[in-house]
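Please read the following note alongside the sequence and the model.

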Amino acid sequence: MKKTAYASLLILALSVIFVPLFLVDVHATSGCITTCQLKADTSVPAADGTVYVELDNNTGLVYPLPHTFSFANNSQHTLTVLNTTLSSSSGARYVWNEWTHSSLQWTPTIMMRTPIMLFNYTGSSDGGPYTAKFDKQFQYTLTFKDAAGQPLAPNPTSVVLSSSGSTMTTSSYSGQWLSATSWTVTSATWEGYQGALLAPVPFDLTSASTSVAVAVSAYSASVKVVDKLNNAIQGASVTVTFANTTSRMFTTNSQGLVQLGDIPVGPYSAHVLYQGQDQGTWSEDASVASVSTVTLNVGGTTSVPVVSALVLLTIFGVALFLILLAVKVRRPSPPPKI
């Protein structure tokens with residue numbers, strides 16, 4: 001019994017002696033016995049701008065990054081980013097994102113609370129610096145054209161932009177900022193029709209702002225209404241239904257034409273009413289022919305002048321008079337009387 005008690009006391013004594021020595025040894029190997037160091041860095045290159053941080057909410061303690069701070073052992077501090085947006089001479093813009101450290105990512109607040117300073121945070125061997133991370137951005141401008149390469153009006157109501165791991169929908173096309181990477185216009189909504197692109201359009205923002213032209217599946221279209229002799233029909237009512245199922249009504253002009261402008265995709269139908277009669281519906285495709293001719297089953301004779309009944313009667317009377325006169329002139333004279 002006495003031996004067991006002595007052994008327990010011995011283990012307790014050794015623990016009291018060696019555990020503190022172990023802790024001191026760990027601190028000693030980190031180089032952080034009385035003063036600890038923490039390096040604060042930034043993802044913004046020095047050539048593009050300077051990021052400033054404020055220490056412990058003290059306006060008198062402002063430092064440009066990168067900077068290595070010396071803190072007392074077992075103390076804790078805050079670092080606050082003062083300028084969250086920077087513009088560089090290269091045309092790039094840097095926008096605040098988050099504080100990062102090694103594999104840890106901090107919430108996107110401009111203030112970072114340091115860990116309790118028991119270790120150094122300066123190099124890769126001791127966890128590395130804390131970095132104020134900014135997103136680098138450049139401007140983009142999108143212009144739009146139809147399938148024939150002519151300027152498109154109106155612009156799409158929205159487009160979808162995609163990059164690796166990121167997708168966004170926007171309706172702003174000029175002077176907008178995006179992360180400095182490769183992007184692609186993957187979809188567009190125009191005149192109510194989704195996916196109205198001829199093909200995806202890539203553009204590069206990795207090193208500079210850019211402007212890119214986007215071709216939309218839009219085709220210039222017009223309808224001409226004629227009779228069987230190809231004479232233009234004015235005043236015909238034409239109801240056009242587009243591929244997006246929307247409809248618009250037009251009236252033919254003196255040349256028998258209605259101008260539809262640019263229409264989505266290409267296929268459409270034209271329903272014609274003329275002189276109160278339903279003339280039928282025609283299927284057309286502007287991607288095949290920009291002008292579609294609709295022939296109505298009307299007309300069919302050449303136009304002749306309209307002669308009034310009075311003129312006809314007069315002509316008939318004169319002709320009859322001349323006939324009677326000729327008959328009288330040709331009648332033989334009677335034989336002489338004896």
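This is a predicted model: local features need pLDDT of at least 70, side-chain atom pairs count only at pLDDT 80 or more; totals for chains, interfaces and linings use all residues.

1. Residues are numbered from 1 along each chain as its sequence is written, and side-chain values use heavy atoms, leaving out hydrogens and water.

2. The protein chain has two helices and 24 strands (DSSP runs, H or I of at least four residues for helices and E of at least two for strands, numbered from the N terminus). Of its 338 residues, 32% are buried (under 20% relative accessible area, with a 1.4 Å probe and protein chains only).

3. The structure holds one disulfide (a pair of cysteine sulfur atoms within 2.5 Å). It joins C32 to C36, with an S to S distance of 1.4 Å. The torsion about this S-S bond is about 45°, so the disulfide is right-handed. C32 is buried at a relative accessible area of 0%, and C36 is also buried, at 0%.

4. Three strands form an open sheet in the order β21-β18-β24, with mixed pairing (two strands pair if DSSP finds at least two bridges between them). β21 (257-264) and β24 (291-295) are the edge strands; each has a single partner strand, so one side of each lacks a neighbour in the sheet.

5. Strand β18 (residues 218-226) runs antiparallel to β21, and seven bridges join the two.

Methods:
Buried means under 20% relative accessible area, exposed over 50%, partly exposed in between (1.4 Å probe, protein chains only).
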